[in-house]
Amino acid sequence: MNAFDPIDDPRRFRDALGAYATGVTIVTVPTDDGPVGITANSFASVSLDPPLVLWSPAKSSKRFNYFSGAPHFAIHILDAHQQEICNGFTKNKHAFDGLDWVTGAHDVPHIRGCLARFECSLAAEHDAGDHTIIVGRVTGASVRDGLPLMFQGGRFVSLKG
């Protein structure tokens, strides 16, 4: 393993971060433009009491303003078979066409069939360089058995069940 300065070699820094496998989520919000979603792998649990989770959108994202300051949102953990949903929201903020989804509390879009869903109200936002850390207080959750969609090293990977 060779050490390097992430300031001097940002590509290598990104590659090093990619060594860590993450789950894939879709975060959804209601907007005046209709339901909006974004693919995110920056999801993490924060606290059990109170129930808090976080995710971190890039400030450079064209969708950033939909999520920053949103009072209510949902985070959906994708199942291993839901790569098409991930790809859809990577390309299009309105990728709900053809999806099985419903409107939940506070008009937040809920994608059905996901491995887990966290319904959240905004608890805090923190500046974090080129991202913002959005902390949500979980007001409702659902879960089912299955394996998650995973991303590592710039590609989708799977767990063996």
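A salt bridge is taken here as a side-chain nitrogen of Lys or Arg within 4 Å of a carboxyl oxygen of Asp or Glu. The structure is a predicted model, in which local features need pLDDT of at least 70 and side-chain atom pairs count only at pLDDT 80 or more, while totals for chains, interfaces and linings use all residues. Residues are numbered from 1 along each chain as its sequence is written, and side-chain values use heavy atoms, with hydrogens and water left out.

The structure holds 4 salt bridges. One of them joins the side chains of Asp 100 and Arg 112 (3.5 Å, N to O). Asp 100 lies in the loop between H3 and strand E7 (101-103), whereas Arg 112 lies in the loop between strand E8 (109-111) and E9, 12 residues apart; helices (H or I, at least four residues) and strands (E, at least two) are DSSP runs, numbered from the N terminus. Asp 100 has a relative accessibility of 45% and counts as partly exposed, a class that falls between buried (under 20% relative accessible area) and exposed (over 50%), with a 1.4 Å probe and protein chains only.

Another salt bridge is formed by Asp 127 and Lys 59, whose closest N and O atoms are 2.1 Å apart. This pair links distant parts of the chain, with Asp 127 in strand E9 and Lys 59 in the loop between E5 and helix H2 (64-67), 68 residues apart. Asp 127 is exposed at 61% relative accessible area, while Lys 59 is partly exposed at 33%.

Arg 144 also forms a salt bridge, in this case with Asp 79, at 2.9 Å between the closest N and O atoms. Because Arg 144 lies in the loop between E10 and strand E11 (150-152) and Asp 79 in the loop between E6 and H3, the pair ties together parts that are 65 residues apart in sequence. Arg 144 is partly exposed at 34% relative accessibility, but Asp 79 is buried at 8%.

As for the nonpolar residues, a nonpolar core is a set of buried Ala, Val, Leu, Ile, Met, Phe, Trp, Tyr and Cys residues joined through side-chain atoms within 4.5 Å. Of the 18 residues in the largest nonpolar core, Val 27, Trp 55, Phe 67, Phe 73, Ile 75 and Cys 120 touch the most other members. Among the strands that each supply at least two residues of this core are E2 (25-29), E9 (116-128) and E10 (131-143). Another core, of 11 residues, lies apart from it and includes Leu 78, Ile 85, Phe 89 and Leu 149.
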